[in-house]
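Hi,

Here is the structure I promised to send over.

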Protein chains: 2
Amino acid sequence: MYSKEILPELRIRWKKIQDAMKEQGTEALLLTSSVNLYYASGRVFNGFAFFTSDEEPVFFVRRPFGFLAGTLYYIRKPEEMVAQLTSLNRFPQTNIALEADSLSYTEYNRLASLFPEIEKRNGTPLIREVRAVKSDYELEKMRESGRRHDAMYSHVSAVFEEGMTDLEMSSELEYIGRQLGNLGLFRIFGSSMETYTGSVLAGDNADNPSPYDFSMGGEGIDPSLPMGANGTVLRPGMSLMIDLGGNFNGYMTDMSRTFAIHKINNPLAIEAHRLSVAIQEAIKIMAKPGVAVKDLYAVALEMVKEKNLEAYFMGHNQQAAFIGHGVGIEINELPVITPRSQHLLKVGMTFALEPKFVIPGVGAVGVENTFAVHQEGVEQLTNFPEDLQELF
Amino acid sequence: MYSKEILPELRIRWKKIQDAMKEQGTEALLLTSSVNLYYASGRVFNGFAFFTSDEEPVFFVRRPFGFLAGTLYYIRKPEEMVAQLTSLNRFPQTNIALEADSLSYTEYNRLASLFPEIEKRNGTPLIREVRAVKSDYELEKMRESGRRHDAMYSHVSAVFEEGMTDLEMSSELEYIGRQLGNLGLFRIFGSSMETYTGSVLAGDNADNPSPYDFSMGGEGIDPSLPMGANGTVLRPGMSLMIDLGGNFNGYMTDMSRTFAIHKINNPLAIEAHRLSVAIQEAIKIMAKPGVAVKDLYAVALEMVKEKNLEAYFMGHNQQAAFIGHGVGIEINELPVITPRSQHLLKVGMTFALEPKFVIPGVGAVGVENTFAVHQEGVEQLTNFPEDLQELF
């Protein structure tokens, strides 16, 4: 089921899941989404991971059939789990948690019907809280992803050509990303976002509102995917915000950088970009274990108000209600950096911070980086230069 | 909400949905997934489309807020729909269908609670059956997608270089696809598949089983996405099956082609490839409105058995249980071409047919094309040459 190398790491994850179960009085947990099976086993398979709080998990595998080694049971249908769990004397007696926020209503009911007598709970918050705190192994994966993400962005100035479009820039960088090992797949929790590889926003396209829950909008090139690049020709004085996904090993990093086409002379845009960096620096200083996530938001908003830039903060025509989010296997993990967040920062949490602005006539400005929380403060996992880099 | 140009087309779609509702006695239908909102309105938005069988649908929009024109109501929360529907005198009295196969359990229950007194039904099969039959407008989009998909594949021989890997070939073609306007996003119904852009399989990597419900497998380059290209160096005698997505306008086409690295001398592989084309030709002749989809499968299997190639059909180490599938906004629409399908072909249905083989020591062979069903027979929407094309 899993390679021996990763077993010590998996035991760390299992214990975290089991500790959370004990704390909640959750007897059993059944995971089945790709992201959670990947977390629980180190690989994606089609099947289930069944947890109780005191023993090692049981893996039920539908596919690939007959090709995985280790402690697992091959099944054809989920119903076969009942007999297996009963014979293992592990069939839950009081309650079981299912992934109610990611299983479809139909899938959930099919699984819930296997445990007819006992209480059903929502296991999604539990596993998302566990996944929000990364192990050293996971952090190392994210560092590696950040390094390659940096390398991808280092090609922007060489790729730039006079008269090219935002979409051409995007496809060139996607291509370079693939050469650097980007898996490409952009994993998103929930149904509020869709994208191919992220977004490249030039000029006033940044002010086109999108239906999606990303920090920025963009019209896109088709009404079936209304976000990001829309074919804008890059012209002097525009900003170019590059926010492309980095998924080099199953763990994502999130990074945005703003480039100036030739030069940005608009003082408001220059001030807003500087403020984005200043907000980041202020948050880097205050972000420590125990700090309330909502306080990070409050500090950012305070700094924005001080400069009277609220009208442009996190968008202009349409504004996002968050300035950052957890990141890991999915791009939108916990915690979410909002004014109402109940989260406190913990050692091992990773988050993307993206205090951005949209300035009419110029475009999006600001920076986004991925951070990891340590006892003594935060570590920055994405490190490409942050100034408004001029492209010629 | 929608442009005037597309309104006649939308009226056709609305009538199809309403006819299906009347046939089932479904009073109301609430759509909220991106794909179904795109179908119902011609664009993706965040919100809901509410249908009754006799009046034009009501659109409730959460985002983009304040930027869409037409007959719609802006809402912040789904709960606001109740008062609106009541004041419009359209609040359902007997039953409502929700997307039970795509809404999460949590989302479904939130929506269901808005209609506490009435029967809840699963609206997913209804809308998927409606979407399975394309209008002339949709077929034209798929033709256009097919033409660009053909153009993308026409670059394979120029892209090929001695010593390149399957992954390098994939990234080159992804890049070319983007130049040709590929949106990239690969929309999949359900949770049984994940991919970035599709799959490129070289040599024995085609025999690596995958957890996903694609026709073929592949190891991938990371256990977080175990499918497709795995970095195999393309060597003489291998087959190279290219099965990359074509989503040029919101409607996908599906096409696979097999290339020979230099030359394939293995007689079994050559015979299997020919048989794939022969199965396709037989099915092209028999596929007409009213024909049972399961009979298409039966004919294919019969032809495979006649040549004693069952052991290699639809995979070797792991075999897929279907030889084709509907295609449109999503890659896996109805009908699915399986032995137990209850579907009959109808005018306007579109399907991908992919009778493929995996030959140990060579790799995957065969062809896949997308077809549309007309009164007089099928139209092939993907038309790149189908022979085993040799790459030097």
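B:Arg143 comes out as partly exposed, with a relative accessible area of 22%. This is a predicted model, by the way, so please read everything below as computed from it. B:Arg143 makes a salt bridge with B:Glu379, and the closest N and O atoms are 2.5 Å apart. That pair ties together distant parts of the chain: B:Arg143 sits in helix α6 (residues 136-153) of chain B and B:Glu379 in strand β18 of chain B, 236 residues apart.

In chain A, salt bridges link A:Glu140, A:Arg143, A:Glu144, A:Arg147, A:Arg148 and A:Glu379 into a network. Over all chains the search gives 46 salt bridges. Two others I looked at:

- A:Glu281 and A:Lys284 meet at 3.2 Å, N to O. Both belong to helix α9 (residues 267-286) of chain A and lie 3 residues apart, about one turn of the helix. A:Glu281 is partly exposed at 31% relative accessible area, and A:Lys284 is partly exposed as well, at 25%.
- B:Glu354 and B:Lys356 have their closest N and O atoms 3.0 Å apart. Buried or exposed? For B:Glu354, 3% relative accessibility makes it buried, and B:Lys356 is buried with 0%.

Now the sheets. In chain A, 5 strands make an open antiparallel sheet in the order β13-β12-β14-β17-β18. The edges are β13 (333-337) and β18 (377-380) of chain A; each has a single partner strand, so one side of each has no neighbour in the sheet. From one strand to the next the twist averages 30 degrees. Further in, β14 (residues 350-353) and β17 (residues 369-374) of chain A run antiparallel and are joined by 4 bridges, and A:Thr350 has A:Ala372 in β17(A) as its bridge partner. Helix α6 (residues 136-153) of chain A lies across β14, β17 and β18 of chain A, at about 155 degrees to β17(A).

The other chain A sheet I went through is open too, with 6 strands in the order β4-β3-β2-β1-β5-β6 and mixed pairing. Here β4 and β6 (119-122) of chain A are at the edges with a single partner strand each, so each has one side left without a neighbour in the sheet. The twist averages 25 degrees from one strand to the next. Strands β5 (residues 95-98) of chain A and β6(A) run parallel, with 4 bridges between them; A:Ala97 has A:Arg121 in β6(A) as its bridge partner. Helix α2 (residues 34-41) of chain A packs on this sheet, where it touches β1 (28-31), β2 (46-52) and β3 of chain A, and its direction makes about 60 degrees with that of β2(A).

Last, the rings. There are 27 aromatic pairs over all chains. One of them is A:Phe60 with A:Tyr73, a tilted pair at 5.9 Å centre to centre and 35 degrees between the planes. A:Phe60 is in strand β3 (residues 58-63) of chain A and A:Tyr73 in strand β4 (residues 72-74) of chain A, 13 residues apart. A:Phe60 is buried, at 0% relative accessible area, while A:Tyr73 is partly exposed at 24%.

A:Tyr105, A:Tyr108, B:Tyr105 and B:Tyr108 form one aromatic cluster. As for charges over rings, A:Arg13 lies over the face of A:Tyr39 at 5.0 Å from the ring centre, and A:Arg128 over the face of A:Phe189 at 3.7 Å from the ring centre.

Cheers

Conventions
Residues numbered from 1 in each chain as written. Chains lettered and ligands numbered in written order. Predicted model: local features only at pLDDT ≥ 70, side-chain atom pairs only at ≥ 80, totals over all residues. Heavy atoms only, no water. Phe/Tyr/Trp six-rings, centres within 6.5 Å; stacked < 30°, edge-to-face > 60°. Helix = DSSP H or I, 4+ residues; strand = E, 2+ residues; numbered from the N terminus. Buried < 20%, exposed > 50% of the residue type's maximum accessible area, 1.4 Å probe, protein only. Lys NZ or Arg CZ within 6 Å of the ring centre and 35° of its normal. Pairing = 2+ DSSP bridges. Axes fitted to C-alpha atoms, helices over the stretch in contact; angles between N-to-C directions. Contact = heavy atoms within 4.5 Å. Salt bridge = Lys/Arg side-chain N within 4 Å of Asp/Glu carboxyl O.
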